[in-house]
Amino acid sequence: MTEPKSHTLQVPGAVLHYDVREAADGGAPPLLMIGSPMDASGFAALAERFGDRTVVTYDPRGVGRSVRTDGLAESTPEMHAGDLHRLISAVGGGPVDVFASSGGAVNALALVARHPEQVRTLVAHEPPLAALLPDRERALAAVVHIRETYDREGPGPAMGKFIALTSIQGEIPAGFAGLPVPDPAAFGFGDEETDEEAQGDDPLFVQNLITCTHYEPDVAALRAAPTRVVIAVGAESEGQLARRAGHAIAERLGGEAVIFPGGHAGFLDARSGMPGVDPDGFAAALRQVLAAG
């Protein structure tokens, strides 16, 4: 695999930055690795373990190097799907394989519903589709409370609430707003997350939190698509919101979620400082799923 080469792509409302790691053997289709609000840098460890594949990563609109030009406060899964459609067209048109994490998995489901011809296999890892949960009203209310905390108190308190929500095992309690809040630093989030003077266009809390978690996939379109859709969840995420949502969408699609090593961010490596990481095991599991298609 070559060193990543960076490119830019003009799309409606944004200028996207993406990176291509070329593989000498061009037999397999490109592998697109996407997240949200995670940018391309978060996939470095996983990309390193796929040296035999051409790997494409990118910064979603409003994140990292990708600048928004539309002046809007929020990005929707449909907007991201449009960006991904144009990105795939720019790197050859597809069909590609896609590994999508968290909010990126939500956006990838929107992509496949609209442009299934561009994706051969989608591995959607822990999409936080709170709207699909049996306790959806409490889950969505908790998400709104986090956004309101950001608006009132800044990113530090909001991150504490966010970690509290994503760490709950089981259904979200009605009294979520009164739960104890953990220290974000214990989870690898530094001083920049506690700066109450941070800009109001935060990629997580402002741009994507509400639109991502409240999104309801077009299940009929996904089931009719020629794309092979595999829902993956983390072995160490038992009972957590994103894993429960993964099981919920897998059931609606008529299948079962595949268990991957690690937690929600299991594809990261030790440099991330995040718990529940197993990049070697994660890459092996992803290879196995992709090969089965």
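**A look around the model**

Tutor: Happy to! Let's begin with D70, which sits in the loop between β5 (67–68) and α2 (77–90). Keep in mind that this is a predicted model.

Student: Okay, is D70 buried, exposed or partly exposed?

Tutor: D70 counts as partly exposed, because its relative accessibility is 25% and the buried label needs a value under 20%.

Student: Which residues does D70 touch, apart from its neighbours within four places in sequence?

Tutor: With those neighbours set aside, D70 is in contact with G13 and R61. There is also A14, 56 residues away along the chain, whose C-alpha atom is 6.7 Å from that of D70.

Student: And what does the side chain of D70 do?

Tutor: One of its polar atoms lies 3.1 Å from the backbone nitrogen of L72.

Student: Which residues of α2 are buried?

Tutor: P77, H80, A81, G82, D83, L84, L87 and I88. Just past the helix, G92 has a positive phi of about 125 degrees.

Student: What comes in the loop after that? I see P95 there.

Tutor: P95 is in the loop between α2 and β6, and a cis peptide bond joins it to G94, with omega about 5 degrees.

Student: Then which residue other than glycine has a positive phi?

Tutor: S102 is one of them, with a phi of about 55 degrees. It lies in the loop between β6 and α3, and it counts as buried because its relative accessibility is 17%. E126 is another, with phi near 50 degrees. E126 is in the loop between β7 (119–125) and α4, and at 1% relative accessibility it counts as buried too.

Student: New topic: D97. Where is it?

Tutor: D97 is in strand β6 (residues 96–101). It is buried, with a relative accessible area of 0%.

Student: What does the side chain of D97 pair with?

Tutor: It makes a polar contact of 2.7 Å with the side chain of R120. Beyond its neighbours within four places in sequence, D97 has contacts that include P29, L31, R53, T121 and L290.

Student: Now helices. How do α4 and α6 sit relative to each other?

Tutor: The axes of α4 and α6 (residues 203–213) come within 10 Å and cross at roughly 170 degrees. Angles over 145 degrees count as roughly antiparallel, so α4 is roughly antiparallel to α6.

Student: Which residues make that contact?

Tutor: From α4, L140, V143, V144, I146, R147 and Y150; from α6, F205, V206, L209, I210 and T213.

Student: And α8, how many of its residues are buried?

Tutor: Nine of its twelve, so to speak a mostly covered helix. The buried ones include L241, R243, R244, G246 and I249.

Student: What covers them?

Tutor: The cover includes α3 (103–114), α4 (136–153), α5 (155–167), α7 (219–224), β8 (228–234) and β9 (258–260).

Student: How far does α8 reach?

Tutor: From its first C-alpha to its last, α8 (residues 241–252) reaches 17 Å, close to the 16 Å expected. Just after it, G254 takes a positive phi of about 85 degrees.

Student: Last one: what is the average pLDDT of the protein?

Tutor: The average is 92, and 92% of the residues score at least 70. Over residues 191–199, though, the pLDDT is below 50. That stretch has eleven contacts in the model beyond near neighbours in sequence. Where pLDDT is low, the predicted coordinates should not be read in detail.

Student: Got it, thanks!

Methods
Residues are numbered from 1 along each chain as its sequence is written. This is a predicted model: local features need pLDDT of at least 70, side-chain atom pairs count only at pLDDT 80 or more; totals for chains, interfaces and linings use all residues. Side-chain values use heavy atoms; hydrogens and water are left out. Helices (H or I, at least four residues) and strands (E, at least two) are DSSP runs, numbered from the N terminus. The expected span of a helix is 1.5 Å times one less than its number of residues. Buried means under 20% relative accessible area, exposed over 50%, partly exposed in between (1.4 Å probe, protein chains only). Contact means heavy atoms within 4.5 Å. pLDDT is the predictor's confidence in each residue, from 0 to 100. A polar contact is a pair of N or O atoms within 3.5 Å; within protein, one must be able to donate a hydrogen and the other to accept it, and residues adjacent in sequence count only if both atoms are side-chain atoms. Axes are lines fitted to C-alpha atoms, for helices over the stretch in contact, and angles run from 0 to 180 degrees between N-to-C directions. Angles under 35 degrees count as roughly parallel, over 145 as roughly antiparallel, 65 to 115 as roughly perpendicular and the rest as oblique.
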